[in-house]
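Please keep the viewer open as you read along.

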Amino acid sequence: MVQYGRSGFDASFAALSDATRRGVLEQLGRADASITDLAEKFHMTLTGMKKHVGVLEQAGLVITEKVGRVRTCTLGLSRLEEEATWIERYRQLWAERFEELDKVVEQLKQKEKVDGRKKRE
Amino acid sequence: MDARRESEPTPAKNRTTVERTSERELVVTRTFNAPARIVFDAWTKPELLKRWWAPKSFGVSFISCEADVRAGGTYRFVFGHPASEQPMEFFGRYIEVTPHSRLVWTNDEGGEGGAVTTVTFEERGAETLVVLHDLYPSKEALDGAIASGSTGGFSETFDQLDELLLTLGASMGRS
């Protein structure tokens, strides 16, 4: 598990204080991209984008991997965050299901009441 | 504004909780305001199950819902979505069916990494506590499910597809 120290949080906040870097994270949330792609999307020089990605990488928010001549960037959520996010989505899935189940159960209860009354009559 | 309807008592919403209780197990809990036999019926009669298993918010609809709810019986749920020609299938086998108290089934659509689901129904006064366990074959299988990002829900899958189609459409329009 990834341990977050004070410096980890500071690095994250510093990384997130810049609008371009937030944009890059948003972009990577949709799909992985190369530094060249990102530089083009954000109308920047390759060097400028490399710096931004470097800051994000330092903060652990982005992971880069060089395949051949292309360096690809991926969102670098820590395993812990990833798991927490997944569990919350999984919880919502069941919560939505169970809200519908409440309605079905309520109807069955009503029906039972009515049927019970009919039998008694 | 905010006129309260007193005629139909709407039960307060009960909270759904989820916890990863071990390296390979997830536990979901929820209380329902009804006796266990009613809640159990809603899980085991296909025509009832169909009404809640895929709520509207999931963005999919049942194409078919077959479930032979007895030990050794199988189930197969098929769903469709307007954005996809391929239906989605979920299937498996019931291992245990104990009326009003316990259901166990396998989830086989994902191959060998699928979880075994155990649902227990525990009556507490006028309420029933439902506890659902998803037990994965290994830590790697559960970690893998988490890493894939899919929770077995549909909206997320189709949201991704919708987004992809949108992106493709936009990039085609641009060129």
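Helices H2(A) and H4(A) lie roughly perpendicular to each other, a label used for angles of 65 to 115 degrees, with under 35 called roughly parallel, over 145 roughly antiparallel and the rest oblique. In this predicted model, local features need pLDDT of at least 70, side-chain atom pairs count only at pLDDT 80 or more, and totals for chains, interfaces and linings use all residues. Residues are numbered from 1 along each chain as its sequence is written, chains are lettered from A and ligands numbered from 1 in the order in which they are written, and side-chain values use heavy atoms, leaving out hydrogens and water.

The packing angle of H2 (residues 19–30) and H4 (residues 46–58) of chain A is about 75°, and their axes are 10 Å apart. Axes here are lines fitted to C-alpha atoms, for helices over the stretch in contact, and angles run from 0 to 180 degrees between N-to-C directions. Helices (H or I, at least four residues) and strands (E, at least two) are DSSP runs, numbered from the N terminus. From H2(A), Thr20(A), Arg21(A), Val24(A) and Leu25(A) meet Met49(A), His52(A), Val55(A) and Leu56(A) of H4(A), where contact means heavy atoms within 4.5 Å. By type, the residues of this contact divide into 5 nonpolar, 2 polar and 1 charged; Ala, Val, Leu, Ile, Met, Phe, Trp, Tyr, Cys and Pro count as nonpolar, Asp, Glu, Lys and Arg as charged, and the others, Gly among them, as polar.

Chain A as a whole has 5 helices and 3 strands, arranged along the sequence as α-α-β-α-α-β-β-α. Of its 121 residues, 32% are buried, meaning under 20% relative accessible area, with exposed over 50% and partly exposed in between (1.4 Å probe, protein chains only).

Now to chain B. Its open sheet of 8 strands has the order S1-S2-S8-S7-S6-S5-S4-S3, with antiparallel pairing; two strands pair if DSSP finds at least two bridges between them. Strands S1 (17–22) and S3 (61–67) of chain B are at the edges with a single partner strand each, so one side of each has no neighbour in the sheet. On average, neighbouring strands are turned by 20° against each other, direction ignored.

| Antiparallel pair | Bridges | Residues standing opposite |
|---|---|---|
| S1(B) and S2(B) | 5 bridges | Val18(B) and Val28(B) |
| S2(B) and S8(B) | 8 bridges | Val27(B) and His133(B) |
| S7(B) and S8(B) | 9 bridges | Val116(B) and Leu135(B) |

The hairpin of S7(B) and S8(B) has 2 residues between the strands, and Gly125(B) takes a positive phi near 65° there.

What covers the sheet? Helix H1 (residues 36–44) of chain B packs on it, touching S2, S5, S6, S7 and S8 of chain B, and the direction of H1(B) makes about 155° with that of S7(B). H1(B) is mostly covered, with 7 of its 9 residues buried, among them Phe40(B) and Trp43(B).

Where do the two chains meet around Phe98(A)? This residue sits in helix H5 (residues 79–120) of chain A and is buried, at 1% relative accessible area. Phe98(A) touches Thr16(B), Val28(B), Arg30(B), Phe32(B), Trp43(B) and Trp52(B), not counting residues up to four places away in sequence.

Finally, the cysteines. Cys73(A) is buried at 0% relative accessibility, and Cys65(B) is buried at 13%. Over all chains there are 0 disulfides, a disulfide being a pair of cysteine sulfur atoms within 2.5 Å.
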